[in-house]
Amino acid sequence: MARNVNFDLNHPLMEAGLESPVDEEGVHDSFSRLIAEQSRTGGSTDAFELQRLDEEDRDDVGYLSSPGRESRGRREADERQGDPLLGERWSSATMRILSSMPSRTIGRSRGAIISQYYNRTMQLRRRRQSRPAIRDFSRSARPSIRGYGIEGDGTDAEDAEASKRERLVNNLQNLSVSDRVRMLRAMPLSVAEKSELRRLALQKEKRTISGSQLPCCSQLKYYIIIGARQSWYSWLSFLHSLQLWQVALKRVSGRFGTGVLSYFLFLKTLLFFNFFLFLVTGAFMVLPQAVHPPALTGGRSSFSGLELLTGAGYFSDTVMYYGHYCNYTLSRSCGDADGGQNVSLSNGTSVDSDCGLSYNMPLAYFFTIGVSFFITCIILVYSMSKSFRQSFRIDKSHSILAMKVLCSWDFKVIKKTSVKLMSENICTQLKELLAEVNHKHVKKTVGQNLWRLMVHGLAWAICIASTAACVLAIYFFSGHMHENLLRSSRSAPQSPLLTEARLLALPVVVSLINLLLPGLFNLAAWMEDYDSPSVRTYVAIGRNLMLKVSVLGVLCYHWLGRVANDHNNIELKCWESFVGQELYRFLLMEFIFTLLDTLFGEFLWRLFSEKVLKRRRKPVFDIARNVLELIYGQTLAWLGVLFSPLLPAVQIFKLLLLFYIKMSSVMMNCQAPRNPYRVSQMTTVFITLLCFPSFLGASVCVTYTMWSLTPSSSCGPFRELKTMFQAGKRWVEALEKDNPNLSWLARAHSYLVENPFFLFVGAGIFLIVIYFHSQVVDGQRKIIGLLQEQIENEGEDKKFLITRLQSIHEQKRTPAGRLASQDSRR
């Protein structure tokens with residue numbers, strides 16, 4: 001298959017540049033064969049060693065500049081202009097030593113290049129194996145090709161090049177399509193020459209097929225093979241087109257760069273996390289309970305439409321919330337063909353049916369939540385460690401520019417739309433790389449640094465003070481809402497719709513603060529006037545993260561501190577369902593305010609700028625605020641999966657709508673950043689924030705709820721238990737009582753689950769894995785730096801040695817040296 005442009009931020013091509021296509025071991029072998037071939041045809045077989053040159057005609061400058069050498073002299077003059085080592089007219093011995101250096105020979109002869117890849121096609125035809133990556137080979141020295149008859153007579157060189165080209169075309173014709181494309185892509189030739197070689201190979205293949213008189217069976221076999229191959233390629237292209245949002249992501253990447261693209265890739269990642277969580281909870285919790293619904297004690301309230309905003313009312317007695325799930329074992333007895341409900345003990349630990357299937361609902365609820373969080377933790381840690389390993393590699397921007405220009409095009413792209421998208425993508429990436437290369441750190445005076453420090457301090461003071469004020473406002477307002485619930489529970493009953501509508505006040509206030517306060521952060525960043533756009537983005541992410549974490553901390557205290565511990569006073573039959581409804585309201589309000597921000601902050605601002613201000617300048621997509629909104633919503637979904645098992649489904653629906661709305665808004669209302677910048681580590685930052693503040697905080701809250709808080713006594717699968725954790729403990733005790741051979745399971749449960757020490761050990765192991773990955777990457781960065789410094793030192797050594805060799809040779813060319821050599825000869 002052809003190499004397509006990849007938009008996965010975990011991919012190494014996005015963050016570390018393209019991989020070198022040169023197979024150095026193959027180059028070494030091919031040039032060795034080339035040298036052997038030239039030696040067989042009568043080429044020069046001189047060994048490049050430092051030797052005494054006593055013949056004056058070889059040292060004569062006129063010999064070097066004879067009419068027969070005019071073309072080579074002009075070429076050497078051009079090389080001297082771009083090469084500091086050729087600034088002087090070196091002697092022939094020095095030039096031979098210079099030409100034998102590995103770094104100065106590869107790629108200077110087109111005939112040698114064609115001969116090299118002719119040998120490689122022979123290897124591919126014999127072995128038929130895929131080309132290994134460059135990192136699998138050691139960097140061997142490249143042999144010299146100069147002085148072996150490659151640059152001899154012009155006519156002979158042209159004839160040799162034509163013959164080698166003909167042999168290469170013949171061998172390309174005999175290769176498969178994938179090997180041929182891979183071979184052409186790896187050639188260090190121009191795009192026109194590659195296209196010419198491909199065209200010649202195809203034409204020769206067609207002439208061979210049309211000119212040959214194949215039997216009927218052979219023709220049928222040939223057409224079957226061609227049809228099967230085309231069908232296979234069409235199927236692979238169809239599978240590639242089934243990737244979610246592939247074309248849309250290419251458009252975003254081509255027009256807005258990797259920064260905006262990282263937001264949509266992160267949204268796609270969150271969608272997969274919620275899809276996994278929805279599959280697990282739906283298969284092991286929601287579906288069994290929906291098949292065996294419990295008997296309702298009271299009538300279900302009618303649907304009024306306000307439930308779509310509040311999540312209460314009609315939805316309260318459904319599988320959407322914790323209170324609907326039963327605390328008994330679902331079983332299918334032997335005598336009941338239709339399948340009935342066999343109610344066991346209230347703690348849900350015993351199974352009364354001696355035959356048939358049974359399903360312990362409390363145990364399934366407990367372990368489904370625990371296992372889903374554990375698997376999500378493993379995926380997050382693996383993704384974060386992998387992202388650390390890929391994004392913190394040191395690379396040279398100049399080499400990435402060369403590889404992006406010469407090696408990033410996909411030669412199988414033939415559709416006009418695909419060509420346009422790919423051209424825009426490469427152009428935007430080149431702008432980002434050039435901006436990174438041309439970025440210069442301006443040295444400032446002490447006064448300027450002091451003034452800049454004062455401005456930064458003032459901006460951070462404003463941001464911290466505004467965040468603290470908003471968090472205190474949310475704290476007191478949530479306390480006021482809790483007191484209203486206490487007063488309403490003691491007073492006369494009011495209209496249910498009015499009571500549910502009042503519950504929207506806290507989500508509206510919190511969502512309004514999350515919408516307005518980032519605007520103040522952007523104003524503070526405008527005051528600071530950062531030189532680097534990437535630094536400005538990271539600072540904005542830090543400030544928005546400070547706001548979101550503080551708000552979620554206050555809300556968790558409100559739900560798990562006030563509501564859970566005081567649910568009897570406010571007469572809540574099921575405080576878990578109430579918390580689930582609160583999380584649903586917060587998730588929905590966050591989505592609604594995001595739509596309002598998209599409408600007023602992007603669409604109307606574009607119209608106002610074009611119609612009123614008469615400017616074509618559009619707003620720039622705010623990556624930091626939008627990404628932190630995604631993390632905030634995902635944290636709410638993780639917090640609410642214990643209290644509302646269907647909340648991941650709501651989050652999936654929200655993310656799908658958000659992708660298409662944001663995509664349309666970005667393409668219509670936003671413009672590319674005025675200062676392009678390459679966000680090589682943005683994906684790592686997003687995954688890290690998703691893992692540590694978001695998932696870790698949600699896991700701590702869920703674990704605290706299951707281990708410490710007392711469940712409601714009248715609803716849910718853990719009713720009449722002191723903690724949710726006792727459901728697993730009683731199940732293990734029942735198993736040990738029924739079967740003494742399973743006593744080891746009880747001991748393992750007590751050590752691994754009941755003891756919090758092993759939980760801390762597991763968390764510590766995950767942190768150690770991440771730490772070691774970061775340390776290994778840091779060590780690799782230091783080694784790469786040392787190797788680069790060593791390469792520079794070796795270059796200086798080469799210059800020094802060449803200069804010394806030239807000076808020694810000039811001394812030997814003096815008349816005294818020549819006389820001494822003649823005397824020694826006699």
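**Contacts, cores and confidence**

Let me begin with Glu500, which, if we leave aside its neighbours within four places in sequence, is in contact with Leu306, Thr310, Ala312 and Gly313. This residue belongs to helix 19, the run covering residues 496–502. Glu500 is buried and yet has no salt bridge, and the nearest side chain of opposite charge, that of Arg585, is 7.0 Å away.

The mean pLDDT of the protein is 75, with 70% of its residues reaching 70 or more. Over residues 41–72, however, the pLDDT is below 50, although this stretch has 35 contacts in the model beyond near neighbours in sequence. Residues 334–355 also have pLDDT below 50, and there the model has 50 contacts of that kind. Where pLDDT is low, the predicted coordinates should not be read in detail.

Now to the nonpolar cores. The largest of them has 118 residues, among which Phe264, Ile369 and Leu555 touch the most other members. Taking Leu555 and again setting aside neighbours within four places in sequence, we find it in contact with Ile474, Leu506, Val510, Phe586 and Tyr632. There is also a second, separate core of 10 residues, including Met183, Leu184, Met187 and Leu197.

Finally, Val769 sits in helix 28, which covers residues 756–812. Is Val769 buried or partly exposed? Its relative accessible area is 34%, so Val769 counts as partly exposed. Its C-alpha atom is separated by 8.4 Å from that of Val381, 388 residues apart along the chain.

Note on methods:
Residues are numbered from 1 along each chain as its sequence is written. This is a predicted model: local features need pLDDT of at least 70, side-chain atom pairs count only at pLDDT 80 or more; totals for chains, interfaces and linings use all residues. Side-chain values use heavy atoms; hydrogens and water are left out. A nonpolar core is a set of buried Ala, Val, Leu, Ile, Met, Phe, Trp, Tyr and Cys residues joined through side-chain atoms within 4.5 Å. Buried means under 20% relative accessible area, exposed over 50%, partly exposed in between (1.4 Å probe, protein chains only). Contact means heavy atoms within 4.5 Å. Helices (H or I, at least four residues) and strands (E, at least two) are DSSP runs, numbered from the N terminus. Lys and Arg count as positive and Asp and Glu as negative; His and the chain ends are not counted. A salt bridge is a side-chain nitrogen of Lys or Arg within 4 Å of a carboxyl oxygen of Asp or Glu. pLDDT is the predictor's confidence in each residue, from 0 to 100.
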